[in-house]
Amino acid sequence: MSEIVYCLGSSLYLNITNRCTNRCVFCIKNFTDQVGNKRLVLDREPSSKEIIGSLNKIDLRTYKEVVFCGFGEPLIRVEVVKSVSRFIKDMFPHLPIRIDTNGHGNVFNQRNILPEIAPYIDAISISLNAEDKEKYDKISRPVFSDAYNAVIEFIKLSKIYIKDVAASVVNLPTVDIERCEKIAKDLGVKFKVREFVKSL
Ligand code: SF4
């Protein structure tokens, strides 16, 4: 059975879609269909009601944060992100909520979604992935053109709406980590380097 909710350390993760507008060479989906003993390949996408039903079976007070990050891009389902986040904040206003995103949300939703999610989202981690467009296209293999500039714009806009913004890269040998760190610094956001892993 596929899992909607899984935990890593003291964080609770929500796996709400497997769809994505990137096809990253490092994506864990390329190597496994599970995290730990949880199968994250979804047979179908869960509704908000089903996600909330799963959350109701868990004591959320035992987690330090809830993270939208599964085997896909959560902001493809922005309405679900909003309704589930609203439920969490109504129940536990002090429990931080983070989104890990590819930063394409404003492109595929065809509007600026940041004001809509900002009331519920405390932190956002945006995959920068590379120091320039050419390398980004090779690593992330986005399904639309000019995705790199869309990511940079999304990082800039996120700063206006969300308190805690980070740009992230995976430590592939081809990525110039120093240049990526400078881009994040110039954009005024935190910088995170993630390990390349084929399993968790
Ligand atoms: S953006 Fe995330 S989910 Fe999408 S392909 Fe890349 S690593 Fe996988």
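Which residue is the bridge partner of Tyr13 in β5?

Author: Happy to! This is a predicted model, so local features need pLDDT of at least 70, side-chain atom pairs count only at pLDDT 80 or more, and totals for chains, interfaces and linings use all residues. Residues are numbered from 1 along each chain as its sequence is written, and side-chain values use heavy atoms, with hydrogens and water left out.

The bridge partner of Tyr13 in β5 is Val67. Strands here are DSSP runs of E with at least two residues, helices are runs of H or I with at least four, and both are numbered from the N terminus. Two strands pair if DSSP finds at least two bridges between them. Strand β2 (residues 11-14) and β5 (residues 65-68) pair in the parallel sense over 4 bridges.

In a regular strand the side chains alternate between the two faces of the sheet. Both faces of β5 are covered: Glu65 and Val67 on one side, Val66 and Phe68 on the other, are all buried (under 20% relative accessible area with a 1.4 Å probe, protein chains only; exposed is over 50% and partly exposed lies in between).

Next comes β6 (residues 97-101), which runs parallel to β5 and is joined to it by 3 bridges. Phe68 stands opposite Ile99 in β6. With helix α2 (residues 78-91) between them, β5 and β6 make a right-handed β-α-β unit: with the strands pointing away from the viewer, the path from the first strand over the helix to the second runs clockwise.

Stepping back, the open sheet has 7 strands in the order β1-β2-β5-β6-β7-β8-β9, with mixed pairing. β1 (5-8) and β9 (190-194) stand at the edges with a single partner strand each, so one side of each is left without a neighbour in the sheet.
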